[in-house]
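Please look through the structure shown here before reading on. The paragraphs that follow take up its parts, its interfaces and a few local details in turn.

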Amino acid sequence: MKYVDEFRDGQRARQLAGAIAEEVEEERSYHFMEFCGGHTHAIFRYGVPDLLPENVHMVHGPGCPVCVLPMGRVDAAIDLARRPEVILCTYGDLLRVPGSRKSSLLQARAAGADVRMIYSAADSLQIARDNPDREVVFFAIGFETTTPPTAVVLKQAHAEGIENFSVACNHVLTPAAITHILESPEVRELGTLPLDGFIGPSHVSTVIGSAPYEFFAEEYEKPVVIGGFEPLDVLQAIRMLVRQVNAGRAEVENEFTRAVTRAGNRKAQALVADVFELRKQFEWRGLGTVPYSGLRIKEAYAAFDAERRFAVEVGRPRENQACLCPSVLRGVAKPTDCTLYGTTCTPDNPIGSCMVSSEGACAAYYAYGRTREPAVAPVDA
Amino acid sequence: MAHGGGGRAMSRLIDELFAAAFDNEWMAAGNDAAAFTAPAGRMVMATDSHVVTPLFFPGGDIGALSVHGTLNDVAMGGGRPLYLSAGFVLEEGFPLADLKRIVDSMAAASREAGVPVVTGDTKVVEQGKADGVYINTTGVGVVPEGVTVGGNRARPGDRILVNGTLGDHGMAILSVREDLGFGTDLQSDSAALHGLVAAMLEAVPGIRCLRDPTRGGLSATLNELAHQSEVGVRVREAELPVREEVHAACEFLGLDPLNAANEGKLVAVCPPESAEVLLETMRAHPLGRASAIIGEVADSDRPLVEMETAFGGTRLVDWLHGEQLPRIC
């Protein structure tokens, strides 16, 4: 497959791994957080840890939009779906996420709720056009990548005057979450989470560019490499981070030059700015309340805001106390540290969100590597 | 509803549609059951209910699929299929033209396979209680002497083969079901495999296991075999035949071709010394041109399927957990 196979070439991977092994300094440990679940997925799917030297550790970050959605918002989605007049549309891997009442959107659908899995935001608007006597709610989640398409459908619905369409906005922002991690006690005060650099999500940067990450490099002295999701991209990003650490540099570098620029996609940014505004705070599963980390729909599009139209209440239910998802999402625990992992919590019966989405760290461990000790950062390293 | 009520309308439906399409002595007799001479030896029997959306898809339809699916189940038991039954559940209001198209397709598939549909049943349910049409088919066959295949017979060192490209059916269905329009001419691989199986068993009577990787795809089949035989399985990603279109569609949707359904593919396990002969035999058959040896049975007490990735690493190939759902990004 053109432009894909080139980035999965095994021989080149071994060459790159050899180059990394030559460049790492034996006495040093390297701890790199891949922020995005897409990277976590790729790392396990292609067996990347097998190719890394023992002193290079990958720390899994919170970058799975399904995993970071708090239970209260999952409950709210289920409540919306149960309204007889509502058709609730959302992306596939959200359907299995359990809420606080041991229910999920899939279970709600089995009980009669009209829940539709969609592949794009545009599908939800078409469902609204096709069902004028129903209320169609698009339950929108995702980082900066999926936000512009949501903005587009809101503008289209506004322009066409579609009255039976609304959006429950749960879009969140990557830079705010990285700041939150870097400000966390585990990193700042206790030093229990060593972080020597970040692999930044390339799909996010196709929209926002690489410039927003320059702040981390400067303020926190952490190198950032914007990396693609193919396994050779990941290896190359690791090599670039190793070089920065060795040289004592902390800069933003762009591995994914085939699609990412410093400024990003200005048209997409303008669309998002036109439709959305920052929430003062937004709750993330695992990270808690993070200031200015989520988006809401602007007043001009209030008619299409499901939170206002249905007076959605978002509760703060208690998580299972034994579930370590919050620590896993912050990178301070690995899935195998959790007593529920692989016992009561499996992909067939997920207790925590990290086991639900295929991008979650627990699901990736379980699906691709549960027979061995994965190469991840020990918390006391 | 009248067509399922047991009265004149139903009788006409049976005579003018089903009996005419299947056109054989057992159907023409019009009895409640078909009587036939049972051959000597071990019989094999399989049943399968077919529920598919949409009913008509690139490369096939529910009618042909209901014939192929059950014939293949009989064949995977090592059997030569002899007779089929067909049970229909129709939703009230289902267009007769569509039903005729489906029944004609079933009849054509059964004629091509040389296995007649000798008995059947029709029920009609109220509108909204079904999704157009559901078809159950049952097949009976006979297992040749000297042949014993089963999922529990894989042994360490055995080789694992497939007869062609993986995931074609699943992705062909998805491309039309979700109205995604991949812009390819990807077709379902729906086919009857008993002819291929007969040739394989003639060349290598000692085949240990046969299984068709339908729902759940190759990953489910290999995990089933590993569990039943209590062995490990190791496959090589570079050897897995996958069409570029399937690969691209899966990539686009965040799905795994190993989990995608097949309707004209089989997995065979055979002793290592027979592997090359079996491969040549399979490749000589029209339904096995793209056959490949994809891995081997491992000497392990953990029934896990591992894959050497084309990238040079190793990973588990796990069961599909629930429905395969596309990733958000």
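Which domains does the domain assignment of chain B give? The assignment gives domain 1, covering residues 2-143, and domain 2, covering residues 159-316. What is shown is a predicted model, and the C-alpha centres of these two domains of chain B lie 27 Å apart in it. Their contact draws on 18 residues from domain 1 of chain B and 20 residues from domain 2 of chain B.

Helix 3 of chain B, residues 62-76, contributes the largest share of the side of domain 1 that touches domain 2, namely eight residues. By class, that side of domain 1 of chain B consists of 11 nonpolar residues, six polar residues and one charged residue.

The next interface is the one between the chains. Here 47 residues of chain A are in contact with 29 residues of chain B, and the two chains bury about 3200 Å² between them, 57% of it on carbon and sulfur atoms. Between chain A and chain B the count of salt bridges is zero, and that of residue pairs in polar contact, with both residues at pLDDT 80 or more, is four. The elements of chain A that give two or more residues to the side touching chain B are helix 1 (10-23), helix 2 (37-45), helix 4 (105-110), strand 5 (135-142), helix 11 (231-247) and helix 15 (361-369). By class, this side of chain A has 21 nonpolar, 11 polar and 15 charged residues. For the complex the predictor gives an ipTM of 0.72 and a pTM of 0.83.

Within chain A, one residue of strand 5 deserves a separate look. A:Glu135 lies in strand 5 of chain A, and, leaving aside its neighbours within four places in sequence, A:Glu135 is in contact with several residues, among them A:Glu85, A:Val86, A:Asn164 and A:Phe310. The side chains of A:Glu135 and A:Arg309 are joined by a polar contact of 2.7 Å.

Two details of the backbone remain. Most residues other than glycine have a negative phi, and most peptide bonds are trans. In chain B, a cis peptide bond with an omega of about 0° joins B:Thr53 and B:Pro54, and B:Pro54 is found in the loop between strand 1 (42-50) and strand 2 (56-57) of chain B.

Finally, there is the matter of confidence. Chain B averages a pLDDT of 91, with 94% of its residues scoring at least 70, and chain A averages a pLDDT of 91, with 96% of its residues scoring at least 70. Over residues 373-381 of chain A, however, the pLDDT is below 50, and this stretch has 22 contacts in the model beyond near neighbours in sequence. Where pLDDT is low, the predicted coordinates should not be read in detail.

Note on methods
Residues numbered from 1 in each chain as written. Chains lettered and ligands numbered in written order. Heavy atoms only, no water. Contact = heavy atoms within 4.5 Å. Buried area = accessible area lost by both parts, 1.4 Å probe. Salt bridge = Lys/Arg side-chain N within 4 Å of Asp/Glu carboxyl O. Polar contact = N/O pair within 3.5 Å; in protein donor to acceptor, adjacent residues only side chain to side chain. Helix = DSSP H or I, 4+ residues; strand = E, 2+ residues; numbered from the N terminus. Nonpolar A, V, L, I, M, F, W, Y, C, P; charged D, E, K, R; others polar. Domains from an automatic or database assignment. pLDDT = per-residue confidence, 0-100.
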